[in-house]
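Hello! Here are a few friendly notes to read alongside the model, arranged as numbered points.

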Amino acid sequence: MKIGSRTIKTAIGTPISISIAQVLGLTNFVSAGILTILCIQPSRKRSVLSAWHRFLACVVAALFSVTFFELIGYHPLVIGIMLAFFIPVTVWLKVTPGIATSSVIILNLYSAGYLSFSFLTEQFFIIIIGIGTALLVNLYMPSLETQLKQKQDELEHYFQIILNEIALYIRDKNENWDGKELQICEDVLQDAMDLVLLDKENHLLRNKHPYRDYFHMRNKQLELLERMLPLVSRLPNRDSISIKIASFFEKLGDNVHPGNTASLYLDELDELRKTFDREELPKTQEEFETRANLFRLLHEIEDYLLLKKKFKKSDVPEKRTKKDRNK
């Protein structure tokens, strides 16, 4: 069983906040620990927002408690009536994440059976200690660099498989491939973008993320690969054109890399297009459809390469030191 950093921070922050409240002699000091548990978040940005939402909700809850309990009375029915008004206010203030936290303060005030300035002050300190401890503990966030590079490695590995399987199909009409790598790539991309979002939220002053554009580019390339498959299936068996296209896909598959030398492959693609232009004009409808599919395929490959060419290699840290290769 793997214990995550959020669990560890909760285990550390909760006793700290309880101890501080207990040392200060605050009533309901355990509530500080409850507030800390509720405020631990998976990123720094969410932690700051959560702290603000919960603090404001607790202040509003204290004001509502003073009004309802002192004017109407300390009765369970009063809590229900108050929540009927309090929750819509938190929605209006856009601090609904603080409802659970503020409920702790409401119940503390209710259980006391009376409200005094000193008791309200104690509850204010409990709020500060509970939320503040969670905020401080959450300042530490483990780096996601290793996980992001792992996703990059996985994605490029499956891209290699897809491109080589396409080459095999063109050359030998190999129909054993079930295409599962396409779905795997989609799953890896989704996980990777979730990690990018989380890592971005851990850097409050960062507007851009070095991996965001990379995974976005790969996602667009994956869409193009999926669009190429029907075109590939319509290529003729083992003629000179098909063999050259298969060899080109093999080169792309053998050189999947975060580096950017797409211009070299665009030049080679242009030479391929010129070679095909010198072929005899189609004489039958089948030959005409084959030629049309071929040019559509070349266009998709060109778009695939242009996506990589536009991508800035410097935005993503290098993972290898070998000579730059493409894709």
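1. Leu297 touches Met228, Leu231, Val232, Leu235, Ile245 and Phe249, leaving aside residues up to four places away in sequence; contact here means heavy atoms within 4.5 Å. Please keep in mind that this is a predicted model, in which local features need pLDDT of at least 70, side-chain atom pairs count only at pLDDT 80 or more, and totals for chains, interfaces and linings use all residues. Residues are numbered from 1 along each chain as its sequence is written, and side-chain values use heavy atoms, with hydrogens and water left out.

2. Leu297 is also among the residues with the most contacts inside the largest nonpolar core, together with Phe215, Ile245, Phe249 and Leu305. That core has 47 residues. A nonpolar core is a set of buried Ala, Val, Leu, Ile, Met, Phe, Trp, Tyr and Cys residues joined through side-chain atoms within 4.5 Å; buried means under 20% relative accessible area, exposed over 50%, and partly exposed in between (1.4 Å probe, protein chains only).

3. Which elements give two or more residues to this core? They are α7 (145-172), α8 (180-201), α9 (212-232), α10 (240-254), α11 (262-277) and α12 (285-310). Helices (H or I, at least four residues) and strands (E, at least two) are DSSP runs, numbered from the N terminus. A second, separate core has 29 residues, including Phe69, Phe86, Phe119 and Ile131.

4. On the cysteines, the structure holds zero disulfides, a disulfide being a pair of cysteine sulfur atoms within 2.5 Å. For Cys39, the nearest cysteine sulfur is that of Cys58, 7.6 Å away. Cys58 is likewise in no disulfide. Cys39 is buried, with a relative accessible area of 2%, and Cys58 is buried at 0%.

5. Cys58 turns up again beside Ser102, which touches Ala57, Cys58, Ala61 and Phe86, not counting residues up to four places away in sequence. Phe86 belongs to the second core. Ser102 sits in helix α5 (residues 99-112) and is buried, at 0% relative accessibility.

6. Is Lys208 buried or exposed? Lys208 counts as exposed, because its relative accessibility is 71%. This residue lies in the loop between α8 and α9. The C-alpha atom of Lys208 is 10.0 Å from that of Val196, twelve residues apart along the chain.
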